Amino acid sequence: MMHARLLLLFTMAGWFHCICAHAQVTPPTTSPNPAPFLQDTTNNKEFLQSLKRLSQKKTLFGRAVKALVIFKPRRVEGPIENTLLPVTNAQHNYKVVRSIYFKRLDAFGYSINDTLAMPDNSLERLGNALHMRSKRNLLRNQILFKEGDLLEPLDLSESERLLRQTDYLLDARVFVNDSTSTRDSVDIVIITKDVFSISASGSASTSSTRIGLRDLNFMGVGHQIRTNYRIGVSEPQPWQFLGSYFIQNISRSFISAELIYQNTHYYKQQSLSFRRDFYTTNTRYAGGASAGWYQTLQPDYYQQGEGEANPDQVIDHVPLHYNVQDFWLGRAFRLKSYDLAQDNAGSFIAAGRFMNISYTQGGGPTIQSARLYLTAFGYSFRKYYIDQYLFGFGRTEDIPAGTLLALTAGYEDGTLKNRLYFGLKGAFGKYQPNFGYLYGGIEYGSYRYLNSWEQGVLTSEALYFTPLYRLRNWRWRHFLWNRSSLGIRRPDLFALDIDQEDGIRGFSSGEVRGYRKFVLNYETNFFTPLTLLGFRLAIIGFADFAWLTSVANKSPLKEKPYTGFGLGLRFRNEFLPINTIQVLLGYYPRLPQTSSIQDFKLFQTTRQYYDFNDLRFTQPLISEFR
C-alpha cells in the first residue's frame, strides 16, 4: 500500500514538475558559530561532472540520468532567517493607496525572488497550462487594504502573512513601489506564486483500495474540495467516504465556511460551520457558528473501575451518538500606541460562547447532555518572524512570538447535574537569531460540583528548536518537544494514550493507556541539496520517550518509560499541494506483553509531527484531556 502511494505521488510530481532533479549550486554558507572540525567532504563540482559525463553516454542508464538531472545551476537567494515582521514602512503610513498591481506567478519554473526565472522545458509549461492561476479578486479579498484607503502601519506585513498562510500560494511579497509613489500616495506591488492545487493519491492492497482527490484552489477562486473513498474494507461496512468543501474568506469578510460529510463504520459526521478568527493582530471581532451530527464508537474508559487496574487490558468500544450546536462571539480592544509608525500588537479580549450538546445514545460518568455557557477574558500580544527550513524546504514560513493569557468561567446546565467551570491558560513564544525558538504553555480546567472540584485536567507544553545551522549546501536543525497531561479527580482512568502524535511516533497499541502522562520527543533534520523528481530530500532521526500511569494520584515519572528510536527520509515538493511524505524505520524496546507489534517497524506518514501554537485568542474552551 505504501509503495503504491509513493509511486503515484512521484509519478505526479514528475509529470507536473519537469520530471527532473535540479542539481543545486549554492553559495557556501556557514553556521553563525561554525565548529572548526566540521568540514564538507562532498565535492559537488566533481560529482556533477561525473553525472554529466554519464548522461552523454547512449546507454539506458545514461539516458535515465539525462532525463532526471538538469545541470543548469539554480539561483538561490540569500537567507531570510530570523527576519522580524512587520517590516517598518513609517514613511508610507497613512498615505492614500493609489493603485495595486498584482504579479501572479504560476507554479512551475518561476521564482518570486528572481524575475529572470522562466519555465525551461515543455513539462513545466504543460504543468502551468493545466493549472488555473489564482484570480485577482481572490487575492484582493485576502489583503487588508484597497485602492483609495489610507495605509495603516500593519497593512503591508499582515497582508503578506495572510497571503502566505493560504493553502493555494507558495509565497507572497507585498511592498511599496518607491519609484512611483508620491508624498501623499503610494503604489502597492503584490507578487504571489501559486502551488499546483490539484492532487490525487491512492493505494491498493489485499484488504482495501483507496482513492483520494483534492483541489485547494478550485477554478482559481480559492475553494477547497477534498474527497477520500475506500472500498473493499473487511469491516461491517465495506466502504468508507470522507468529503469536505471549504470556502475561505467569503466576500472579503474573513468569514470561512466548511461542509463535512464522513461515513465509516467507526465514525460518522455531518457538519456545517462558519468562523471568523482574530486573523490579524488588530482584528476587532471574531466569532463562529456550527451544527454537527456525530456517531462514533467511544472507548469505554470506565469498565475497569478505579485503582490498580491492568493498563495492558484491551479497552472495549461502545456506540456514542450526539449532536452539537455551537455559537461564540469575541471582541478585541486594541491598546493605545505611542509610536505613530507602529500599531500596538497587544489586545484585551472578551468572548462568550453557547454550546448545546445532546446525546441520543451512549454516555458515561463524564458525559451528559447539557447546555454550556462560557465567558473568557484574555490578553494577546503577537508578532511574527519569517524563517526557512522548519516544516518546508526553503519556502518562507511565519513564526509566531508573543504572549497569551486567558481566564475562562462558565456554567453547565446538564441532565444529570449542574456545575460551574473554571479554566486558566498562559503561553509565550520567544524567538532570537542565536538562540532559536522557545514556546511554553500551561493550562488548567476543572468543574465545581457540590463544593468540590471534579473532572480536572492540568496540561503543559514546551517546544524548542535550534537556529538553522548551515554547512555549504547542507542545513540542519534540532527539535525538542515536551507535553504532559495530568488527570485530577476524574473517573476515566484510561483516557490517555501514547500512540503516534500523542506520544511515540510509529507506536500504536490500544492496550497502553493511563491517567497521567509525560512525553518527551527529540528530532534532528538534515536538509540535503538533493532533489528527486521535484521532491526535496531530508534525513531525519528521532528519539521519543513516554511515561504513563493508570493510578489516580501517582506521578507518571515513577513508571518505566516506553521509548521509540528511528531514522528515515522526508520528501516534499513545495510546488504541489500534497503533504510531506515521511518513510521511517522505528525501533521500540518496550512493548505490551500481549501486543502483536514488532520491535522494528517500517511506517509511512504524511503528517508533520510538530506545529506552532499561534498564540491567538480563540473561542472559550474546555480544557481537553488527551
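**Ground rules**

Residues are numbered from 1 along each chain as its sequence is written, and side-chain values use heavy atoms, with hydrogens and water left out. As the model is predicted, local features need a pLDDT of at least 70 and side-chain atom pairs count only at pLDDT 80 or more, while totals for chains, interfaces and linings use all residues.

**The chain as a whole**

Let's start with confidence, given as pLDDT (the predictor's confidence in each residue, from 0 to 100). The protein chain averages a pLDDT of 82, and 81% of the residues score at least 70. Residues 1-44 have a pLDDT below 50, and beyond near neighbours in sequence this stretch has 109 contacts in the model. Residues 72-82 also have a pLDDT below 50, with 30 contacts in the model beyond near neighbours in sequence. A contact here means heavy atoms within 4.5 Å.

The chain has 6 helices and 29 strands. Both are DSSP runs numbered from the N terminus: H or I over at least four residues for helices, E over at least two for strands. Among contacts with a separation of 6 or more, 63% are between residues 24 or more positions apart.

Of the 626 residues, 51% count as buried. Buried means under 20% relative accessible area, exposed means over 50%, and partly exposed lies in between (1.4 Å probe, protein chains only). The accessible surface comes to about 29,800 Å², and carbon and sulfur atoms hold 58% of that. These areas come from the Shrake-Rupley method with a 1.4 Å probe, and for residues only the protein chains shown count as cover.

Helix 6 (residues 155-164) is mostly covered, with 10 of its 10 residues buried. Among them are the charged residues Asp155, Glu158, Glu160, Arg161 and Arg164.

**The cavities**

Rolling a probe the size of a water molecule over the atoms shows where empty space is left. On a 1 Å grid over the protein atoms alone, a cavity is a set of points where a 1.4 Å probe fits but cannot get out, and lining residues have an atom within 4 Å of a point. Grid points are joined across faces, edges and corners, and a volume is the space filled by probe spheres set on the points. The structure holds 2 cavities of 30 Å³ or more.

| Cavity | Volume | Lining by class |
|---|---|---|
| Largest | about 110 Å³ | 5 nonpolar, 4 polar and 3 charged residues |

The lining of the largest cavity includes Arg607, Gln608, Tyr609 and Tyr610, along with Leu390, Phe391, Glu523 and Arg570. The second largest cavity is lined by 13 residues, and Thr280, Thr281, Ile349, Ser380 and Arg382 lie nearest its centre. Strand 15 (346-361) and strand 16 (370-387) each supply at least two of its lining residues. Strand 16 gives the largest share, 3 residues.

**Residues worth a look**

Two arginines have a positive phi. Arg252 has a phi of about 60° although it is not a glycine, and its place is in the loop between strand 10 (239-247) and strand 11 (256-263). With 29% relative accessibility, Arg252 is partly exposed. For Arg489, phi is near 50°; this residue sits in the loop between strand 22 (474-488) and strand 23 (496-497). Arg489 counts as exposed because its relative accessibility is 58%.

Which residues does Thr528 touch, not counting residues up to four places away in sequence? They are Asn473, Trp474, Arg536, Leu537, Ala538 and Ile539. Thr528 is found in strand 25 (residues 516-532) and counts as buried because its relative accessibility is 2%. Thr528 and Trp474 are 54 residues apart in sequence, yet 5.3 Å apart in space, C-alpha to C-alpha.

Asp502 lies in the loop between strand 23 and strand 24 (513-514) and is buried, with a relative accessible area of 18%. Leaving out residues up to four places away in sequence, Asp502 touches Arg483, Asp497, Lys517, Val519 and Arg626. From Asp502 to Arg626 the C-alpha distance is 7.8 Å, across 124 residues of sequence.

How values were computed:
1 Å grid on protein atoms, 1.4 Å probe; cavity = no way out; pocket = protein on both sides within 12 Å on 5 of 7 lines; lining within 4 Å.
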